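Hi there,

Here is the structure I promised to pass on. Have a look at it first, and then read my notes below.

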Amino acid sequence: MKEQAFDAALVDEAAQLTEPGTCAAINLAERFVLVGDHEQLPPVVRAENDLTESLFERLVERYPDAGVMLDRQYRMNQRIQVFASTEFYDGQLRPATPEVAGRTLDDLEGVSRDALPETLSDPVSFVDVEGDRSQYTDSEEAARIADLIERYEAAGLDRSEIGVIAPFRAQVSEISSHVPDDITVDTVDRFQGSSQEVIIVSFTATGSLKGPIFEDYRRINVALTRPKRALVLVGDSSALASDPVYERMLEWARQ
């Protein structure tokens with residue numbers, strides 16, 4: 001396309017593109033529009049350098065008046081979206097329609113929330129697991145997640161409508177060994193851009209939160225905004241409460 005020219009270039013997911021990658025597109029046009037979310041995951045690079053900041057993020061910070069926030073979302077019900085809206089979007093994010101705001105598992109054919117344990121009847125649930133205190137895996141969390149999946153299946157939910165997110169590849173493998181093969185289990189990074197009716201998040205942390213994977217709050221924003229109708233957080237409450245953002249997340253999940 002380098003020999004072509006356009007009146008306008010629209011770049012989707014621009015917050016995940018490196019600046020040179022974005023320039024390759026916008027230099028072909030007289031005007032450009034970047035579409036993305038710099039409160040979610042940045043460009044993936046092998047080393048920490050200036051390329052971790054996208055052109056999208058740089059322009060939003062330098063010229064805030066040129067940006068327009070798309071404040072209506074079509075995925076999450078009201079209860080699920082509250083934390084992300086408050087924590088990352090100054091409370092501006094809201095469901096696009098009343099139908100999106102009020103969607104629950106009962107809307108799905110053959111599924112009944114009455115068949116679920118009371119702890120899972122709310123669209124947002126927290127399951128406290130002390131864990132086995134390993135660094136990158138947690139077999140106790142994996143076993144509990146397998147049990148949760150069985151309970152959702154018993155309530156009529158198809159396994160293809162359940163996704164499991166974990167912070168480490170080792171925990172993805174651990175969980176995969178406990179659940180059926182057709183359950184989607186993956187890292188936060190690989191889940192960005194996708195969604196499921198039910199999302200279960202394994203935090204895989206005991207005692208305290210250590211490492212860049214927890215320090216970059218954009219990752220938790222991605223994880224918490226993947227579900228449409230139900231979100232289950234599985235982790236050690238004492239570890240999560242050691243960080244102010246995760247502590248606020250706990251308070252929200254337990255409301």
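Predicted model: local features only at pLDDT ≥ 70, side-chain atom pairs only at ≥ 80, totals over all residues.

Now for the overall picture. The protein has 11 helices and nine strands. Its radius of gyration is 20 Å, close to the 18 Å that the globule rule gives for 255 residues, so the protein is as compact as a globular protein of that length. The C-alpha trace spans about 60 × 40 × 35 Å along the principal axes. Of the 255 residues, 45% are buried. Among contacts with a separation of 6 or more, 68% are between residues 24 or more positions apart. The protein exposes about 13500 Å², and carbon and sulfur atoms supply 46% of that area.

One more spot to look at is G131, which lies in the loop between β5 (124-128) and α5 (139-154). Is G131 buried or exposed? With a relative accessibility of 11%, G131 counts as buried, because the limit is under 20%. Leaving aside residues up to four places away in sequence, G131 touches D138, E140 and T206. The C-alpha atoms of G131 and A142 are 9.5 Å apart, and these two residues are 11 residues apart along the chain.

Notes
Residues numbered from 1 in each chain as written. Heavy atoms only, no water. Helix = DSSP H or I, 4+ residues; strand = E, 2+ residues; numbered from the N terminus. Rg over C-alpha atoms; globule rule 2.2 N^0.38 Å. Buried < 20%, exposed > 50% of the residue type's maximum accessible area, 1.4 Å probe, protein only. Contact = heavy atoms within 4.5 Å. Areas by Shrake-Rupley, 256 points an atom, 1.4 Å probe, with all protein chains shown as cover.
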